[in-house]
Amino acid sequence: MSVISPSPKSDTHTHASVVSPPPGATSKAPVSSEPTLPASTPQLAPIEAAKRLAAYAAVDNHVKKEHKIIGIGSGSTVPYVVERIMAQGKEANTGRVFLPTGFQSKELILSAGLELGDIDQFPRIDVTIDGADEVDDALNSIKGGGACQLREKVLAEAAETWVIVADYRKNSKVLGTTWKQGVPIEVAPFAYSPLLLSIKKLGATQAGLRMGKMKAGPVVTDNGGFVIDAVFPPSQMTNVEKLLPQIKLLTGVMEVGLFVGMAKAAYFGNEDGSVTIRWADGRIEQVSQ
């Protein structure tokens, strides 16, 4: 069994083989820090195995039997989230409804034979598990690399618990360290040109309309918007609490890919097959296979 060593921010006592639930959790039973893999699980490359273990741990810790409305996000770790939810069994998933943030998650839900729902029907969600492009020390994150930031934020805000699952490359101290493409900003097409000027006046060192790779013209979101990717200097990225409302208040902005103060926990799959769990209260835990 593994031993979880608390970080300097953690409690002073040692946690052994049990992941502590987030503050306010009602579960009385301890949660195993080592999600077991089915005997038939295929071998994966180390980074994929770590992503899978992180996704499994997040589902085991946060998707409980009583949770019936579940948001499914996007990203390369999300298929493992759905895989682990399916492993909970038919009985556990009977009566559950799953809400997607975009096309990828919708297809995953349908392919798994799970019940598909919509935020119009279920405006309150028990738990949403999503990926991220980068996460900072305070669990603030950049999202929108897949141009789904508006729908992702709606499902994140609607959730009682929002959890991030990603790989070690997304784990940063300051946003913009590894994600160099900039903050994704979804905008009304009519307003994109003046918005480019306004965003640069706000401090962006670079700002450009995201263009399609397999088509001529800009990327168009599921909501019919365009995406501006704006690179801001570290001085502004260390204060995203201030930057987010400044961008959001610009006329024509539909949503900003900065998710600030929202995550309850973030699970990072590491290169060595371990998982780093970071909680909103500052605790950091290491889980080994």
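This is a predicted model: local features need pLDDT of at least 70, side-chain atom pairs count only at pLDDT 80 or more; totals for chains, interfaces and linings use all residues.

Student: Then is L139 buried or exposed?

Tutor: Look in the loop between β6 (134-135) and β7 (141-142), where L139 has its place. The relative accessible area of L139 is 3%. The cut-off is under 20%, so L139 is buried.

Student: What is phi of L139 near?

Tutor: Here's some background: most residues other than glycine have a negative phi. L139 isn't glycine, yet its phi is positive. The value is near 65°.

Student: And A147, where is that, and is it buried or exposed?

Tutor: You'll find A147 in the loop between β7 and α5. Phi of A147 is positive too, near 65°, in a residue other than glycine. Its relative accessibility is 8%, and the cut-off is under 20%, so A147 counts as buried.

Student: On to the strands. Which residues of β3 point one way, and which the other way?

Tutor: Strand β3 covers residues 69-72, and the residues named here are all buried. On one side you get I69 and G71. Pointing the other way are I70 and I72.

Student: Which residue in β4 stands opposite I72?

Tutor: β3 and strand β4 (residues 97-100) run parallel, joined by 4 bridges. Go to I72 in β3 and look across to β4: the residue opposite is P100.

Student: What is the bridge partner of I70 in β5?

Tutor: Strand β5 (residues 125-130) also runs parallel to β3, with 3 bridges joining the two. Follow I70 across to β5 and you land on its bridge partner, V127.

Student: Now the open sheet of 4 strands: which are its edge strands?

Tutor: The order is β10-β11-β9-β12, and the pairing is antiparallel. From one strand to the next, the twist averages 25°. An edge strand here pairs on one side only, which leaves β10 (206-209) and β12 (253-256).

Student: What is the bridge partner of G208 in β11?

Tutor: β10 pairs with strand β11 (residues 226-231) in the antiparallel sense, over 4 bridges. For G208, the partner in β11 is D229.

Student: Last one: at about what angle does α5 run to β12?

Tutor: Helix α5 spans residues 149-158 and lies across β9 (183-187), β11 and β12. Set its direction against β12 and you get about 65°.

Key: Residues are numbered from 1 along each chain as its sequence is written. Side-chain values use heavy atoms; hydrogens and water are left out. Two strands pair if DSSP finds at least two bridges between them. Axes are lines fitted to C-alpha atoms, for helices over the stretch in contact, and angles run from 0 to 180 degrees between N-to-C directions. Contact means heavy atoms within 4.5 Å. Buried means under 20% relative accessible area, exposed over 50%, partly exposed in between (1.4 Å probe, protein chains only).
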